[in-house]
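Dear colleague,

My notes on what was found in it follow directly after.

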Amino acid sequence: MKRLLALLALVPLALATGCASQTLLSAEDRTKLQHDLTTGPASERYLKASSYITPFFGDASKRLLTPYPPEEVRLLNDTKGNPINPGAVQALVPAGTKVRVLKVEFPTAWVMAERVLYSPRTQPWVYLEVQGAPPGPPVILVLPPQLKAKEDVLAELDRHLLDQDPAPRIGKFQPRFQEALKQKKVLEYMPEAAVEMSWGKPESIRRTLDGQQVHQEWVYPGGKRRVFITDGLVTRVDEAAPAAAK
């Protein structure tokens, strides 16, 4: 019995030592970020773009928050290198929704040993309380891997969350564009600022000049959705039919 207990005690250690830490931040920086982002006014933020809540891949105890539809999510690949769809949309929360940062979790060896294998376990996770979201497991915002400094973490967080309520800015858009944000749509003549608040940042932007006019082509992950913008206003939206969930 004593030998069995000793072996069981070694299992967590074996798991931890088998997973190399995937964070470049020092323990001191991680602790400071955890404190600064989850206490006081800094913990209260607002969604920068209308976002979906979906399942969290193979981890049924969590939910994913993403500005992209499930078929465009690029967080986890299968054995052939193809992106894995996290699951069907469960809810849509519009830009400007209030959120609270509950916890920032970095992929140390110990943390990864406790995470579900079929999840983006090598990346930082930000646990959020999302106002108006349906009841359920914790909502997670996944940050990119290999962030090197506190400033990198804060910059990535700022790509998704605002520290000030964008309601006054949204209120300046035409009513039809305000409604489009709630439905995560992009309409002709919509200002590019509203496009970003509806669909999120594109994967790439191609800019060209035609005399005094500035043309942009915003391309979203997978290349199926494209927005064409001239002088800051949408001229065309190409939205291919979404691929079937696998």
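Two strands are taken to pair if DSSP finds at least two bridges between them, strands being DSSP runs of E with at least two residues and helices runs of H or I with at least four, both numbered from the N terminus. This is a predicted model, in which local features need pLDDT of at least 70 and side-chain atom pairs count only at pLDDT 80 or more, while totals for chains, interfaces and linings use all residues. Residues are numbered from 1 along each chain as its sequence is written, and side-chain values use heavy atoms, without hydrogens and water.

Leucine 209 has valine 214 of strand 10 as its bridge partner. Strand 9 and strand 10 (residues 213-219) pair in the antiparallel sense over 7 bridges. They belong to an open antiparallel sheet of 4 strands, ordered 9-10-11-12. Its edges are strand 9 (204-210) and strand 12 (233-239), each pairing on one side only.

Turning to the helices, helix 2 (residues 27-38) packs against helix 4 (residues 150-158) with axes 10 Å apart and at an angle of about 35° (axes are lines fitted to C-alpha atoms over the stretch in contact; angles run from 0 to 180 degrees between N-to-C directions). Asp29, Lys32, Leu33 and Leu37 of helix 2 meet Lys150, Val153, Leu154 and Leu157 of helix 4, contact meaning heavy atoms within 4.5 Å. These residues comprise 5 nonpolar, no polar and 3 charged (Asp, Glu, Lys and Arg count as charged; Ala, Val, Leu, Ile, Met, Phe, Trp, Tyr, Cys and Pro as nonpolar; the others as polar).

Yours sincerely
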